[in-house]
Amino acid sequence: MTLRDKPFSQACENNKAPIFALLAPFLQDKTHLLEIGSGTGQHAVWFAPQLPHLIWQTSDLVENHPGILHWIGDYPAANLLPPVVLNVADQEQWPDSAIDAVYTANTAHIMAWHEVQAMFEKVSSNLPANGIFCLYGPMKYAGEHTSDSNHFFDLSLRERAPHRGIREFHEINQLALEGNLILLDDHAMPANNRLLIWQKST
Ligand SMILES: C[S@@+](CC[C@H](N)C(=O)[O-])C[C@H]1O[C@@H](n2cnc3c(N)ncnc32)[C@H](O)[C@@H]1O
C-alpha cells in the first residue's frame, strides 16, 4: 500500500472527540476492549493512547486490514493491537483475550440484519457480567428518522444495497435485552447520530 492508499474518513475526524468524551467514563475499570469494524482505524489510533490502562484490539473484515495497519503504523501505541479478522457472521471468530468492553461505530446500518443479530449474540455471549457494549451510529425511533438527512441517507443506503439501512432503536435494544444487555445510556450526538451504551447484567 502506498501513502496515497491510506484510507481517510472525515466523519471519524469530526466525531472522535464527542464520542470519546462520553465513552471514556464507561471504560475506566475495563482492561480489554474489542473494536468491531475498525474501518480506517482512525478511532482506534486516537482513542487507544488516551486509555493506557486497557488494551484496544482492532478488528474488521480482512480487506480493511491494510488501511488499519497503515494508521497504526503511523500512530503506534503500546496498548493498540493490530487487527484480527472478525466477521460477526462467523461463529468461530472472536479474540482469545478476556474482552470486557466492545465498541463499534457505524456498522449496524452497513451490516445485514442477520449480521446485526449475530453481532449482538456474539457480544452478549462473550462479555462477562458488567461488560460494556457501545454502539455509535444513526438510529430510527418509532419508525421516524431523527433528521431529513438521515431519511435520505437511509434511502441511498437501501438503494445501493437493499440489506443495509438505518436500524430501529427498539429492535436493536430488543436484541440487547435478549442477551442480558441493559441500556445505560442513549445519547444524541452531532450529525444526527446516537451513542448507545449497554452493560451485561449476568
Ligand atoms: C461505515 S464503516 C465504519 C468504519 C468505522 N467504524 C467508522 O466509524 O468509520 C462499516 C464497517 O463495518 C465493517 N463490517 C461490515 N460488515 C461486517 C461484518 N459482517 N463483520 C464485521 N465488520 C463488518 C466494514 O468492514 C466497515 O469497516
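This is a predicted model: local features need pLDDT of at least 70, side-chain atom pairs count only at pLDDT 80 or more; totals for chains, interfaces and linings use all residues.
Start at the ligand: select the residues around it and you get 19, the closest being Gly37, Gly39, Val88, Ala105 and Asn106. A residue counts as near a molecule or strand if its C-beta atom, placed from the backbone, lies within 6 Å of it. This shell splits into 9 nonpolar, 8 polar and 2 charged residues.

To find your way, residues are numbered from 1 along each chain as its sequence is written.

**Stop one: the strands**

Select strand S1, residues 32-36. Strands (E, at least two residues) and helices (H or I, at least four) are DSSP runs, numbered from the N terminus. Since 4 of the 5 residues of S1 are buried, this strand is largely enclosed by the rest of the structure. Buried here means 20 or more other C-beta atoms within 10 Å of a residue's own, exposed means 12 or fewer, and partly exposed is in between, with C-beta atoms placed from the backbone.

Strands pair if DSSP finds at least two bridges between them. For a landmark, look for His32 opposite Ile55 in S2. With helix H2 (residues 42-47), S1 and S2 make a right-handed β-α-β unit. Right-handed means that, with the strands pointing away from the viewer, the path from the first strand over the helix to the second runs clockwise.

S1 also pairs with strand S4 (residues 101-105), in the parallel sense over 4 bridges. There, Leu33 stands opposite Ala101.

Go back to S2 (residues 55-60), which pairs with S3 (residues 80-85), parallel again, over 4 bridges. The chain gets from S2 to S3 through helix H3 (residues 65-74), in a right-handed β-α-β crossover.

**Stop two: Pro83**

Stay in S3 and click on Pro83. Is Pro83 buried or exposed? Pro83 is buried, because 22 other C-beta atoms lie within 10 Å. Leaving out residues up to four places away in sequence, Pro83 touches Ser38, Thr58, Ser59, Asp60, His65 and Ile68. For contacts, the C-beta atoms, placed from the backbone, must lie within 7 Å.

**Stop three: the core**

Next, show the largest nonpolar core, with 45 residues; Trp56, Val102, Phe133 and Cys134 have the most contacts inside it. Such a core is a set of buried Ala, Val, Leu, Ile, Met, Phe, Trp, Tyr and Cys residues joined through C-beta atoms within 7 Å. Strand S5 (residues 132-137) gives the largest share, 5 residues. In soluble globular proteins, nonpolar side chains tend to be buried together.

Zoom in on Cys134: beyond four places in sequence, its contacts are Leu23, Phe26, Tyr103, Leu195 and Ile197. Follow that to Ile197, in strand S9 (residues 193-200). Ile197 counts as buried because it has 21 C-beta neighbours inside 10 Å.

**Last stop: two loops**

Finally, pick Asn130, in the loop between helix H4 (113-126) and S5. Asn130 has a positive phi of about 75 degrees although it is not a glycine. Asn180, in the loop between helix H6 (169-178) and strand S8 (181-189), has a positive phi near 60 degrees. With 15 C-beta neighbours inside 10 Å, Asn180 is partly exposed.

Conventions: Ala, Val, Leu, Ile, Met, Phe, Trp, Tyr, Cys and Pro count as nonpolar, Asp, Glu, Lys and Arg as charged, and the others, Gly among them, as polar. Two residues are in contact if their C-beta atoms, placed from the backbone, lie within 7 Å.
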